[in-house]
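Here is a short report on one protein model.

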Amino acid sequence: MAADSPTTWDELLAGPFNIHSVTTHNNLLLAAMRDRFNLTDGAFHQMMRADHLHLTRSLDALGIAYGSLAKGLIPDHRRREIVLLFDSKVASARSNGFYARDVADAWISGLPRPKNGLPVNSILRGDLLGPAPSDKVQAAMDKSVVYHRPYTVTHPELVYCVYITNLSKEQTSTLTSTAAEHPAYFGYADCTGRSTLKTHLGLSLPNSGLRVGDTILEGVYIDNEPNGTGLPFEAHGFTPTAVLDMLFLPFLGYRINSHLTGQNLQDNRSALTILSPDAAHLESPNIWMTPGRYGYLQDGKHRDSMEQAGLLHLDQPGLEAAVSRLVAQGHLYNLRLDAYGNLLYTALVDVEVLDGRFQTFTIGLRLNPEDKRVELMTFF
């Protein structure tokens with residue numbers, strides 16, 4: 001290590017960082033730890049920043065750069081998220097109840113194999129759980145599912161789901177075609193945009209793993225082996241690799257975004273506290289901008305996005321109020337401290353643009369920790 005390199009944890013944590021996403025609503029152990037030890041915002045910030053640094057170094061040891069994982073962790077409306085749907089009753093009858101294993105070949109073999117670049121896909125899977133009755137789930141599915149064969153929901157928990165992110169149109173076609181070879185498969189849904197089915201999935205599905213090239217990263221407890229369910233990853237050229245749950249869930253877990261689940265509230269608070277202890281409790285900030293920034297957003301590359309979101313006609317106070325409401329409902333990503341000392345992050349927000357159709361926009365924000373004000377920087 002060079003003589004001028006950081007040598008203490010405080011020095012390391014004071015340096016620039018970029019954290020793609022933070023998901024804590026599904027981490028009961030982290031919540032229990034925070035409550036049991038009554039961690040202050042400052043202590044939580046230090047603990048999570050140290051954990052992220054630990055994760056980054058662990059991935060480096062595996063030959064995986066944390067910076068290469070963003071596409072698998074941050075939703076992108078230009079890339080697809082889909083869910084493959086299987087009748088677990090059919091799969092169970094073929095496998096003495098081991099339906100997840102029975103259908104695994106059908107989707108693992110269809111994972112993208114691009115010729116160029118590093119493929120990164122978040123994978124969530126499980127039964128369709130939640131409080132909604134069968135008729136509500138059926139209605140949600142009928143609005144979104146492209147059926148391979150007819151299916152009637154008798155009990156939602158008999159629907160086994162495999163949710164995969166960061167897909168192209170061609171990769172989606174390959175994956176659904178491969179899945180269709182299994183007799184339990186009955187259809188898929190594009191979950192890139194907002195839908196009621198996506199809300200049910202967001203409340204139901206746990207993270208299964210993060211595919212990075214030929215590696216399947218999986219969160220495990222201490223001393224546990226990855227792939228405890230025995231899915232046939234190795235047979236398809238993938239290597240299951242363990243990452244401690246306490247590192248995987250908050251930083252490598254994928255949240256299925258939905259405005260109805262309320263999951264963004266806890267996650268956003270955690271994300272802001274990790275960004276800076278001075279940012280805690282700013283989940284609903286009053287956004288401001290300079291007059292120059294307001295003019296900048298009215299022209300050039302931002303103008304189209306502002307017009308599509310229905311915000312172009314607003315004066316500066318009106319735009320500040322509208323963006324404040326959107327950010328409070330959004331999901332936060334790309335938390336970073338840059339080399340110039342700026343604390344920056346982005347909010348992904350859904351705006352109704354036409355006939356009940358929603359479009360996702362990315363809002364760039366800058367935090368001033370001294371007065372705890374949040375400044376609008378970009379709108380795409």
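R366 is partly exposed, at a relative accessible area of 26% (buried means under 20% relative accessible area, exposed over 50%, partly exposed in between, with a 1.4 Å probe and protein chains only). Its salt-bridge partner is E375, with N and O 2.9 Å apart. E375 counts as buried, at 8% relative accessibility. A salt bridge here is a side-chain nitrogen of Lys or Arg within 4 Å of a carboxyl oxygen of Asp or Glu.

## Basis of the model

This is a predicted model, in which local features need pLDDT of at least 70 and side-chain atom pairs count only at pLDDT 80 or more, while totals for chains, interfaces and linings use all residues. Residues are numbered from 1 along each chain as its sequence is written, and side-chain values use heavy atoms, leaving out hydrogens and water.

## Other salt bridges

The whole structure holds eight salt bridges. One of them joins D87 and R149, whose closest N and O atoms are 4.0 Å apart. D87 lies in strand β2 (residues 80-87) and R149 in the loop between β4 (145-147) and β5 (159-167), so the pair ties together parts 62 residues apart in sequence. Strands are DSSP runs of E with at least two residues, helices are runs of H or I with at least four, and both are numbered from the N terminus. D87 is buried at 11% relative accessibility. R149 is partly exposed at 25%.

R78 and D76 form another salt bridge, with a closest N to O distance of 3.0 Å. R78 is exposed, at 70% relative accessible area. D76 is partly exposed, at 25%.

## Helices α5 and α6

Helix α5 (residues 88-95) packs against helix α6 (residues 99-108) at about 100 degrees, and their axes are 8 Å apart. That makes α5 roughly perpendicular to α6 (angles of 65 to 115 degrees). Axes are lines fitted to C-alpha atoms, for helices over the stretch in contact, and angles run from 0 to 180 degrees between N-to-C directions.

From α5, the contact uses S88, A91, S92, R94 and S95; from α6, Y99, D102 and V103. Contact means heavy atoms within 4.5 Å. The contact residues divide into three nonpolar, three polar and two charged. Ala, Val, Leu, Ile, Met, Phe, Trp, Tyr, Cys and Pro count as nonpolar, Asp, Glu, Lys and Arg as charged, and the others, Gly among them, as polar.

## T176 in helix α8

T176 lies in helix α8 (residues 169-179). T176 is buried, with a relative accessible area of 12%. What does T176 touch, not counting residues up to four places away in sequence? The answer is I82, L84, Y185 and Y188.

Methods: Angles under 35 degrees count as roughly parallel, over 145 as roughly antiparallel, 65 to 115 as roughly perpendicular and the rest as oblique.
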